[in-house]
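Let's take a friendly walk through this model together. Please keep the sequence and the 3D view at hand as you read.

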Amino acid sequence: MTTLQQPQHPVLEAVVGITAALDQVAEATPAFMGTDQKATTLVQIARAKAQLAELELRVLATADDVAAESAARDVAAWLHHHTHQRPEALRADLRLATALDRSYGLVAAAMRSGRCNPAQAAVIVAALDELPADLDVEIKTKAEETLLAYATQFDPTQLRRLGRRILEVIAPEIAEAEEARRLAAEDAHARKKTRLSMRRLGDGTTRIAAVVPDAAADRLATNLEAFASPRREDGTRTETGDYLPYARRLGLAFCQLLETLDPARLPIHGGDATTVIVTIDLDQLRTEAGIAQVLGGSPITAAEARRLACTAGIIPAVLGSNSEVLDLGRKERLFTAAQRRALLLRSATCEAEGCDIPGTWAEAHHWIEWAQGGATDLSNVALLCSHHHHRAHDPTYLHERLPNGDIRFTRRT
């Protein structure tokens, strides 16, 4: 008695044929292909990958029985066990397969013909899923068709942007209301997700991690770019003249931004306008190696305390023996807005020799330091950019005012 062999399914037959064809060219080297042949081959491989991916998704969408056979959680878990692919990628494939099988036949057909690759398909499906659930079927179909037409011209990143604005193209009459609804939902989600944490690393630095709404991030980026722009010369280059890495420039810019915050515009904190108080012993203040203490914060050098004393919102508390308060500097000791306007009339740029940083970006520096009794008036002020202000408080540099009013910095020998 003979047993009839079950005929092989066309899908399995095709896959076996593909692998067999690939086996035939396993030893072939493309080095001897002509340039035109290589170009054509690369494009055809991309098309074939899209077609093969769609076939895999088509099989995944119907493979619940495969998982049930071995009591696997789902076919993605089963496939991870048997093929050792990344589980998160397999789960994403299964979600896409389900969406194509149930809702987005046009996207599946485009992949099947090689007109849409898997990354584009995932972006299109995500954009379509974000459309209102009660949207007219004809409008949703038109959105799918339009995005698939875009897929012949745009990559996944560009498609994602187009997908967010698709209603403006196909249904402008309802786009504004839907955009307002979407933005309101995103705003609520962003506020719920907003976090900020600070962790001391024990080496004089603190790691700050934050998740904030996009609008807040955009404002922060704009403010930081004002300090970190490569067009500026202060603090954007290394000593060898190379530009600092962008991330480092942003970190330095963040520090500068915090120093330039106007405390008068911040909420009341501790019964007074939000203010940073720096305490330091008088003897240490007069030395270059002294240490100051930010109230409720970390220790800083005396040189840094003297520099911060030039910055708005910093109150220097000078202590004598037994921590007796000898002098609690008032904000009136800091240069006023009127004085800064007068400084800009005197010098439109940083007063350091050869520096062209705009004066509006510069800081007012006591020529005779406040710790040494220097007055807060125009005869005792230098307008310095952040880079040269730091150098003015750096004990490794000397600075002098030239007859033409410029300030020359020289490294101590």
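## Overall make-up

A word on the source before we start: this is a predicted model. The protein chain contains 17 helices and 13 strands. Of its 413 residues, 31% count as buried.

How far apart in sequence are the residues that touch each other? Taking contacts in the protein chain between residues at least 6 apart in sequence, 49% join residues at least 24 apart.

## Helices 4 and 5

Let's begin the helix pairs with helix 4, which spans residues 75-83, and helix 5, which spans residues 87-102. Their axes lie 9 Å apart, and the two helices pack at an angle of about 140 degrees. An angle of about 140 degrees makes helix 4 oblique to helix 5. The crossing in which helix 4 passes helix 5 is right-handed.

By class, the residues where helix 4 touches helix 5 comprise six nonpolar, one polar and one charged.

## Helices 7 and 8

The next pair is helix 7 (residues 118-129) and helix 8 (residues 137-150), whose axes come within 10 Å and cross at roughly 155 degrees. Because of that angle, helix 7 counts as roughly antiparallel to helix 8. Here, helix 7 passes helix 8 in a right-handed crossing.

Which residues bring these two helices together? From helix 7 come I124, A127 and L128, and they meet K140, A143, E144, L147 and L148 of helix 8. In this contact of helix 7 with helix 8 there are six nonpolar residues and two charged ones, with no polar residues.

The structure holds seven salt bridges. E54 and R58 both belong to helix 2 (residues 35-60), where they sit four residues apart, about one turn of the helix. Their side chains meet in a salt bridge with an N to O distance of 2.8 Å.

E54 also pairs with R112, and in this salt bridge the N to O distance is 3.1 Å. Since E54 lies in helix 2 and R112 in helix 6 (residues 105-112), the pair ties together parts that are 58 residues apart in sequence.

## The R165 and E168 pair

Another salt bridge to bring up on screen joins R165 with E168, where the closest N and O atoms are 2.5 Å apart. How accessible are the two partners? R165 has 38% relative accessibility and therefore counts as partly exposed. E168, at 39% relative accessibility, counts as partly exposed too.

## Putting it together

To recap the helix pairs, helix 4 is oblique to helix 5, while helix 7 is roughly antiparallel to helix 8.

Key: Residues are numbered from 1 along each chain as its sequence is written. This is a predicted model: local features need pLDDT of at least 70, side-chain atom pairs count only at pLDDT 80 or more; totals for chains, interfaces and linings use all residues. Side-chain values use heavy atoms; hydrogens and water are left out. Axes are lines fitted to C-alpha atoms, for helices over the stretch in contact, and angles run from 0 to 180 degrees between N-to-C directions. Angles under 35 degrees count as roughly parallel, over 145 as roughly antiparallel, 65 to 115 as roughly perpendicular and the rest as oblique. A crossing is left-handed if the near helix is turned anticlockwise from the far one by less than a right angle, and right-handed if clockwise. Contact means heavy atoms within 4.5 Å. Ala, Val, Leu, Ile, Met, Phe, Trp, Tyr, Cys and Pro count as nonpolar, Asp, Glu, Lys and Arg as charged, and the others, Gly among them, as polar. A salt bridge is a side-chain nitrogen of Lys or Arg within 4 Å of a carboxyl oxygen of Asp or Glu. Buried means under 20% relative accessible area, exposed over 50%, partly exposed in between (1.4 Å probe, protein chains only).
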